[in-house]
Amino acid sequence: MRLLRGKASLESCKVWSRILLLLALAIVLVGCGGSGSGGGNGGSGGSGEKQGGTLTILAASSLTDAFAELGKIFEQQNPGTTVKTSLGASSELLAQIQQGAPADVFASAAEEEMNTAVKDGLVAGKPEIFVKNREVIIVPKDNPANIKSLEDLSKPNIKLVLAAKDVPAADYAVEILGKANKVYGPNFKQDVLSNVVSREADVRASVNRVVVGDADATFGYASDYTPDIREKVKVITIPPNLNIIATYPIATLKDAKEPGLAKKWVDLVTSKEGQRVLKKWKFEPAAQ
Amino acid sequence: MRGSKRGKNPTGLSGGREWLASGLATGALGILAGFIAVPILSLVVWTVNEEAWGAMASPVAREALSLSMRTTAATMVILVVVGTPAAYVLARGTFRGSGALNTLVELPIVLPPSAAGIALLLAFGRLGLVGEYLNAFGITLSFTTVAVVMAEVFVAAPFYLRQAATGFAEVDRTIEEAALVDGADRTAVFLRVTVPLAFPALVAGAVTAWARALGEFGATIIFAGNLRGITQTIPLAIYSEFQSNIDAAVALSVLVLGFAFAVILTVRYLSRRAVEYRH
């Protein structure tokens, strides 16, 4: 306010006009940015004729690599389209959809999240189970805690990492521990859970804790043992009678901006070619 | 204020332009204030509508609040004990490399906290540069409360150091020298003269650093991990609860809002009293 008084008024006018100029410039720049990206969208739409557009997929983080490869195939099959995949814990993705995140397809690592989405009226049509996965234990290659089996996870002073509560990979793990209680003794689950040192955002984050060597073990999916990390970690299988099969449902979303492309994506994922790619990344076919 | 302004500039083009300018400036302030107030209000509205108050007393919330209080308190003790003399050296020392040192200690301000977390992990994690040797002695830091404090010190230290150093630089050296001439030793001068004179700056720095430590998320979740009662501070609890129980996430946010408000008001009150006491 001092600026606006008496003699200083002329100078303050200059100062103010400069500030206003800067503000105006900022607004113009922001405006340009907006229209620029809008133009970009229009451009890609135009170049792809009728088929242009951006397909937004929300997918469980375990699908990271398989969906990246399928995305490239999809973009080749549908010239001009862009596939945007947002990866995270299925529970987190569900929360995003519930909060109105704009997306076309939801691929969950468990039926529970998909069922909630259906119940909340967020899904168009009926979800399809497109793939299955199996839980494994992942340990660092040098295996500092000397873990050789599921049973070893109950030994004291192991640094076990799990995905957060409600993340399918962690829920499945707890389910497995519950089953194992009947075999390894009533305190088994309790003992294993007392070894948990951190709950990570999603399954890939918990696997990365083992990759960087800070955790002694984590529960992940067979598909999380990707070529990238094979030099740093190894897999310990869970006895089949105690393991569970993770089933992955996929569905197009009610508020999809690109319902046509969304349908095409589901078709690709469930096609022979889609299943081949998923199998390559250590998923198991849905029909088994 | 408008009245007095108009009184001094009753007519003329520049008066009109001034009026416009100050109107626009007031409008800008209004927009910003609204932009900040509306989300904060939304937190409270949600809490009232959804009756999410109960979630504030849930074990997750209590453990997170307790952990945040303990870790930020430890961070502040470390910053005050180590940071105060360090800031003094930074402010007064004109040694080789002091410029580079200044830049180094300010780096965490501009470094995204998640990058800081990765850096800490690669340094102090089990296979880290330093962590490997610590591990040989049986010391592991990752997934411990100590790691939370380390992350908080890393990101908050520059805020305290910078303001404390500015405060020390503004202290009149002749007063210190006069005390030295009177026979006081250097430590006594530092504690009895320099620190009291720089006190408002030290408090301001401490409050900013504390707020930064309280809000610490990225470095903590990456370096320290996320486990209730051990490493799950309030920001991490908010993030974790958002995935399963949004009411709890909102309640925690309101809780930390009130908590932060109370601490800032208390510190302001105490520092005002301290300043009054000195005069």
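Predicted model: local features only at pLDDT ≥ 70, side-chain atom pairs only at ≥ 80, totals over all residues.
# A guided tour of chains A and B

**Chain B as a whole**

Show chain B as a cartoon. Its secondary structure comes to 13 helices and zero strands. What are the dimensions of the box that the C-alpha atoms of chain B fill? Along the principal axes, the box is roughly 75 × 65 × 35 Å. The radius of gyration of chain B is 24 Å, whereas a compact globule of 279 residues would have one near 19 Å. Colour the chain by burial next: buried residues make up 35% of its 279 residues. Among the contacts in chain B between residues at least 6 apart in sequence, 76% join residues at least 24 apart.

**An exposed position in a helix of chain B**

Select helix α13 of chain B, residues 246-278, and within this helix B:A262. Is B:A262 buried or exposed? B:A262 is exposed, because 10 other C-beta atoms lie within 10 Å, and a residue counts as exposed at 12 or fewer. B:V250 and B:A262 are twelve residues apart in sequence, and their C-alpha atoms are 18 Å apart in space.

In soluble globular proteins, nonpolar side chains tend to be buried together. In this model, the largest nonpolar core has 138 residues, and A:V105 and B:L252 are those with the most contacts inside it. Which helix supplies the largest share of this core? Select helix α7 of chain B, residues 145-169: this helix contributes 16 residues, the largest share. Then centre the view on A:V105. Leaving aside residues up to four places away in sequence, A:V105 touches A:I57, A:L58, A:I250, A:T252, A:L253, A:A262, A:W265 and A:V266.

Turn now to chain A, which has nine helices and ten strands. Of its 288 residues, 42% count as buried. Among contacts in chain A with a separation of 6 or more, 78% are between residues 24 or more positions apart.

Colour the domains of chain A: domain 1 takes residues 52-132 together with 247-285, and domain 2 takes residues 133-245. The centres of domain 1 and domain 2 of chain A are 26 Å apart, taken over C-alpha atoms. Their contact takes 19 residues from domain 1 of chain A and 20 residues from domain 2 of chain A. To find the domain 1 side of this contact, select α2 (64-77), α3 (90-98), β4 (123-140) and β9 (245-253) of chain A, the elements that give two or more residues to it. The residues on that side of domain 1 of chain A divide into eight nonpolar, seven polar and four charged.

**Helix α4 of chain A**

Zoom in on helix α4 of chain A, residues 111-119, where A:E113, A:M114 and A:A117 are the buried residues. They lie on the same side of α4(A), because they cover an arc of only 95 degrees around the axis. What covers the buried residues of α4(A)? The cover includes α3, β3 (105-107), β4 and β9 of chain A. Step just past the end of α4(A) to A:G121, which takes a positive phi of about 70 degrees.

**Two loops with positive phi**

The tour ends at two loop residues of chain A. Select A:N143 in the loop between β4 and β5 (160-163) of chain A. Phi of A:N143 is near 45 degrees, a positive value in a residue other than glycine. With 15 other C-beta atoms within 10 Å, A:N143 is partly exposed.

Then move to A:K282, in the loop between α9 (272-280) and β10 (284-285) of chain A. A:K282, also a residue other than glycine, has a positive phi near 70 degrees. A:K282 is partly exposed, with 19 other C-beta atoms within 10 Å; a residue is buried at 20 or more.

Terms used
Residues numbered from 1 in each chain as written. Chains lettered and ligands numbered in written order. Core = buried A, V, L, I, M, F, W, Y, C linked by C-beta atoms within 7 Å. Helix = DSSP H or I, 4+ residues; strand = E, 2+ residues; numbered from the N terminus. Contact = placed C-beta atoms within 7 Å. Domains from an automatic or database assignment. Nonpolar A, V, L, I, M, F, W, Y, C, P; charged D, E, K, R; others polar. Arc of directions from axis to C-beta. Rg over C-alpha atoms; globule rule 2.2 N^0.38 Å.
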